[in-house]
Amino acid sequence: MDSALVIFEGANLTRLLGGLLVSLRIAFLAVLFSLVGGVLFGILMNSKNTVVKVLCRVFLESVRIIPQLVWLFIFYFEMTKVFHIHIDAEVASIIVFSLWGTAEMGDLVRGAISSLPQHQRESGFALGLTKIQLYHYVILPQAVRRLLPPAINLVTRMIKTTSLVVLIGVIEVLKIGQQVIEISIFSAPNAAFWVYGFIFFLYFIVCWPVSLMAKWLENYWASKGV
Amino acid sequence: MVARFLFEVMDYQFIVNSIPLYVKAMELTLILSFWGILFSIVLGCICAMVDYFKIPVLKTVVKVYVEISRNTPLLIQLFFLYYGLTQFGVRLEGETCAIIGLTFLGGSYMAEALRSGLDAVHKTQVESGLSIGLTNWQLMRYIILPQACAVAVPSFAANVIFLLKETSVVSAIALADLMFVAKDLIGMYYRTSEALLMLVVAYLIILLPISILFSYLEGRLRQHGLGSGNI
């Protein structure tokens, strides 16, 4: 039981929370880029042009089918070698998660847009709206409601996936947890249980409210009959 | 640049030599995924049933489990199981740990997939079944499950692929899966390009056929009007 106190010893707690902040910073930036990229990519995927469609599909499937961890390795170890540039591990992970998020978010946006009944689009055009007006006033406001719950779920998935960045050497919460355990290996031999348990709990505390929000929005809009 | 990369930088002899290593690692990845996914489905079914029949205490347990499992990353779950629990005399082997971790993670995803399928079965279906005198078991077996499964196929398929991909994390608890072999080769020979290329190819060999099979299945189901919710 004494080992549990290791978490609160010295600067350990602030260090662990600082590590969590690094994970969250990566997640936040990646989510931000994927939101913007995903909306554009989703609209692009709905294009009638076959070439554009096929290219989008290839991008989506190739990002999706290879595990994120493999993508991290490719960007961190391989891109640097091929292009002779230095990419910081944190930057590499933001790039990878943004690309992945863009693809996944794009697919959600595509689904939300194409699930709207065709007559919405036709009515809009019949009223003489331009394509941009149509998207601005008719398609996107309706699509957003179908999009938001799964999009928020994607955000929790992205936050969870940031735990992988420790494997390409980003100093984040898990790495700091390991350091704390190693430092106190003699004074607190059971520290691993408590520290990893604590990190487990931290991730839960961060992701749970986000998940709850998605569920709440879903029920809220369902009860309004949208 | 691509040509230079393909013909000058790549060492194909190295690739050929490393094939047996990757095959062996692929075996482990597949075995872990197989058991992980199998137990996930079993656990998911149990959870979905508990939720569907609203069994008093178990319902709350399932709810808590689903929230915990869905809101924590597999890597942390594995670290906790592998390094954390051993402190208290619970000795788990790497493989067991990975399978438990995958099941813990996958169970909730499978439960959610099945639950959405069960929810999609219209109430009139249940009532009609009951009114022609089917028992609860018959109702489940002949009316609800066939329709629910058809609805659940797409998310079920997505979960299978998701879990297969998640196995790449087990290298962190010293299991010699595909990721581990690639890391090893990079560390020992600095052959980054070759090792990573083989890694991607190996994952494609596993995941592409499964992905294609599932989209074919989905197409078939839709053709028969199953899973569209208007049966």
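**View 1. A salt-bridge network in chain A.** A:Arg64, A:Glu104, A:Asp107, A:Arg110 and A:Arg157 are linked in a network of salt bridges. A salt bridge here is a side-chain nitrogen of Lys or Arg within 4 Å of a carboxyl oxygen of Asp or Glu. This is a predicted model: local features need pLDDT of at least 70, side-chain atom pairs count only at pLDDT 80 or more, and totals for chains, interfaces and linings use all residues. Residues are numbered from 1 along each chain as its sequence is written, chains are lettered from A and ligands numbered from 1 in the order in which they are written, and side-chain values use heavy atoms, with hydrogens and water left out. Helices are DSSP runs (H or I, at least four residues), numbered from the N terminus. A:Glu104 counts as buried at 8% relative accessibility; A:Arg157, at 26%, counts as partly exposed. Buried means under 20% relative accessible area, exposed over 50%, partly exposed in between (1.4 Å probe, protein chains only).

**View 2. The salt bridge between the chains.** The rule finds one salt bridge across the interface of chain B and chain A. B:Glu67 pairs with A:Lys215, the closest N and O atoms being 3.0 Å apart. B:Glu67 lies in helix α3 of chain B and A:Lys215 in helix α8 of chain A, so the pair joins two chains. B:Glu67 counts as buried at 15% relative accessibility. A:Lys215 counts as partly exposed at 38%.

**View 3. The interface of chain B and chain A.** The two chains bury about 3,600 Å² between them, 74% of it on carbon and sulfur atoms. Buried area is the accessible area (1.4 Å probe) that two parts lose on being put together, summed over both. In chain B, B:Asn71, B:Ile76 and B:Lys165 lose the most area to chain A, together 17% of what that side buries. The contact (heavy atoms within 4.5 Å) takes 39 residues from chain B and 38 residues from chain A.

**View 4. B:Gln77 in helix α4 of chain B.** B:Gln77 sits in helix α4 of chain B. It is buried, with a relative accessible area of 3%. Its side chain makes a polar contact with the side chain of B:Thr72 at 2.9 Å. A polar contact is a pair of N or O atoms within 3.5 Å; within protein, one must be able to donate a hydrogen and the other to accept it, and residues adjacent in sequence count only if both atoms are side-chain atoms. Leaving aside neighbours within four places in sequence, B:Gln77 is in contact with residues including A:Phe200, B:Gly101 and B:Phe104.

**View 5. Helix α7 of chain A and its cover.** Buried residues of α7 (residues 173-183) include A:Val173, A:Ile176, A:Gln178 and A:Ile181. Their cover includes α1 (12-45) and α8 (191-223) of chain A together with α4 of chain B. A:Glu172 caps the N-terminal end of α7(A), with a side-chain oxygen 2.9 Å from the backbone nitrogen of A:Leu174.

**View 6. A loop-to-loop salt bridge in chain B.** B:Asp11 pairs with B:Arg191, the closest N and O atoms being 3.6 Å apart. B:Asp11 lies in the loop between α1 (2-9) and α2 (12-52), and B:Arg191 in the loop between α8 and α9, so the pair ties together parts that are 180 residues apart in sequence.
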